[in-house]
Amino acid sequence: MSDDDFAQRPTALREGAFAGKVVLVSGGGSGIGRAAAILFARLWARLVLCGRDAGKLESAGTCLARLGADVSTHAMSIRSPEAVETLFAEVVDRHGGLDLLVNNAGGQFAQASIDIRPKGWNAVVDTNLNGTFYMMQAAARHWRDVARPGCIVNVVAAIWRGMPQVAHTCAARAGVVFLSKTVATEWAPLNIRVNCVAPGTIRTEGFGNYSREARASFSQANPTLRTGDAWDIAQAIAYLGSDTAGFITGETLNVDGGSQNWGDPWFLGRPEYFELNYAEARLPENLEVQVQ
Ligand SMILES: CCCCC/C=C/C(=O)SCCNC(=O)CCNC(=O)[C@H](O)C(C)(C)COP(=O)(O)OP(=O)(O)OC[C@H]1O[C@@H](n2cnc3c(N)ncnc32)[C@H](O)[C@@H]1OP(=O)(O)O
Ligand SMILES: NC(=O)C1=CN([C@@H]2O[C@H](COP(=O)(O)OP(=O)(O)OC[C@H]3O[C@@H](n4cnc5c(N)ncnc54)[C@H](OP(=O)(O)O)[C@@H]3O)[C@@H](O)[C@H]2O)C=CC1
């Protein structure tokens, strides 16, 4: 996976689908956000990238400019409501408005929930839930004030069976899913659609935060027995953000290789209690059968 690869991969979306549209991608300097930004550039969007690391943003901005996009980059943290307000003022000033917000910034660290300290819990919830809300609210206020339609796509996670060893992010992402369902209704009169994309295990720079053992479990965490890549998620984001999805709101699209049905990621490695050992597993007496 590389910028060059994403610049050429086939896409189901129509060339020019985002012509004249301004798309803001948070966390656009790396991984899923960067792949999505490349896809939007190929669909002729004008791009705004934000994240904390100015170097990552600059590198992504250079790549997008090479693809012909009009792009601005903004180093800031979505955890600061003031920084979010400033970002939106800069976007309006520089691009004249916004059409699509992609809330992709986020992350977590692996720890057993019994050990998570308040500062760590708050860091994760503040980023993934509160930061996402500040961005959504700022976008909605903008669209309300200028009486223009808008669209939001939030990147969450496939949390549907819980996420052992990352309880903080599971709680925050569940919050975003139900926040999205709620405002999809509240903001429908403003002509704003709100949807989520729930990735399963997606091979990105973010994997570097996890041990080798954890990463090995990620590729075994769904019935396809492989990880997805950032392009899988980028395309889902662009679809939900496009006019083609104009009748979809309050929805969550899972792009997870079927992880809702089978397989578990273990962020710190699988605890002994959950090790599978069919050879030594004993059935209750009345279920023992003779195998020929
Ligand atoms: C559905 C299946 C999913 C499968 C796989 C998923 C993969 C991904 O999501 S990959 C992409 C994600 N990218 C990341 O996760 C980025 C890595 N994480 C972070 O950037 C940060 O940890 C953060 C955003 C979650 C927190 O940011 P920040 O406020 O900068 O946090 P601090 O580093 O200052 O730490 C605050 C506090 O948090 C606790 N803590 C942080 N890291 C750890 C750790 N590795 N282990 C334990 N605790 C940690 C700790 O309490 C920190 O306070 P201090 O002790 O005072 O440092
Ligand atoms: N890869 C996977 O398997 C999965 C990923 N996800 C989620 O998808 C999203 C993208 O992850 P991915 O691309 O894999 O990993 P990355 O770590 O590459 O992306 C996370 C991005 O979020 C940005 N970010 C983090 N905190 C903040 C903040 N406070 N303010 C602004 N930007 C911030 C980072 O930028 P910077 O460092 O510049 O701040 C970074 O670009 C994340 O929300 C992630 O948790 C969900 C499920 C699975």
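# Briefing: helices, core and ligand shell

Helix α4 (residues 81-95) has 15 residues and reaches 21 Å from its first C-alpha to its last, close to the 21 Å expected at 1.5 Å a residue. That expected span is 1.5 Å times one less than the number of residues. This is a predicted model: local features need pLDDT of at least 70, side-chain atom pairs count only at pLDDT 80 or more, and totals for chains, interfaces and linings use all residues. Residues are numbered from 1 along each chain as its sequence is written, while chains are lettered from A and ligands numbered from 1 in the order in which they are written.

**Overall build**

- The protein has eight helices and nine strands. These are DSSP runs, numbered from the N terminus: helices are H or I with at least four residues, strands are E with at least two.
- The radius of gyration is 20 Å, close to the 19 Å that the globule rule gives for 292 residues, so the protein is as compact as a globular protein of that length. The radius is taken over C-alpha atoms, and the rule is 2.2 Å times the number of residues to the power 0.38.
- Along its principal axes, the C-alpha trace spans about 75 × 40 × 40 Å.
- Buried residues make up 44% of the 292 residues. A residue is buried if 20 or more other C-beta atoms lie within 10 Å of its own, exposed if 12 or fewer, and partly exposed in between, with C-beta atoms placed from the backbone.
- Among contacts with a separation of 6 or more, 76% join residues 24 or more positions apart. Two residues are in contact if their C-beta atoms, placed from the backbone, lie within 7 Å.

**Helix α4**

- V84, L87, F88 and V91 are buried in α4. Seen down the helix axis, the buried residues of α4 fall within an arc of 95 degrees, so they line one face. The arc is that of the directions from the helix axis to the C-beta atoms.
- The cover over these buried residues includes β1 (22-26), β2, β3 and α5.
- On the other side of α4, E82, A89 and D93 are exposed.

**Helix α3**

- The 13 residues of α3 (residues 54-66) should span 18 Å at 1.5 Å a residue, and the end C-alpha atoms are 18 Å apart, which agrees.
- K56, L57, A60, G61, C63 and L64 are the buried residues of α3. They fall within an arc of 160 degrees, seen down the axis, so they line one face of the helix.
- Those buried residues pack against α1 (3-6), α2 (31-42), β2 (46-51) and β3 (71-75).
- The face turned away from the buried side carries the exposed residues G55, T62 and R66.
- G68 follows α3 and has a positive phi, near 95 degrees.

- In α8, 10 of the 12 residues are buried, so the helix is largely enclosed by the rest of the structure. Among them are W231, I233, A234 and I237.
- The largest nonpolar core has 76 residues, of which V23, A36, A37, F40, L47, A234 and I237 touch the most other members. A nonpolar core is a set of buried Ala, Val, Leu, Ile, Met, Phe, Trp, Tyr and Cys residues joined through C-beta atoms within 7 Å.

**Around ligand 2**

- Of the 28 residues around ligand 2, G27, G31, G51, G106 and G206 come nearest. A residue counts as near if its C-beta atom, placed from the backbone, lies within 6 Å.
- α2 and α5 (118-146) are the elements that give two or more residues to this shell. α2 gives the most, with three residues.
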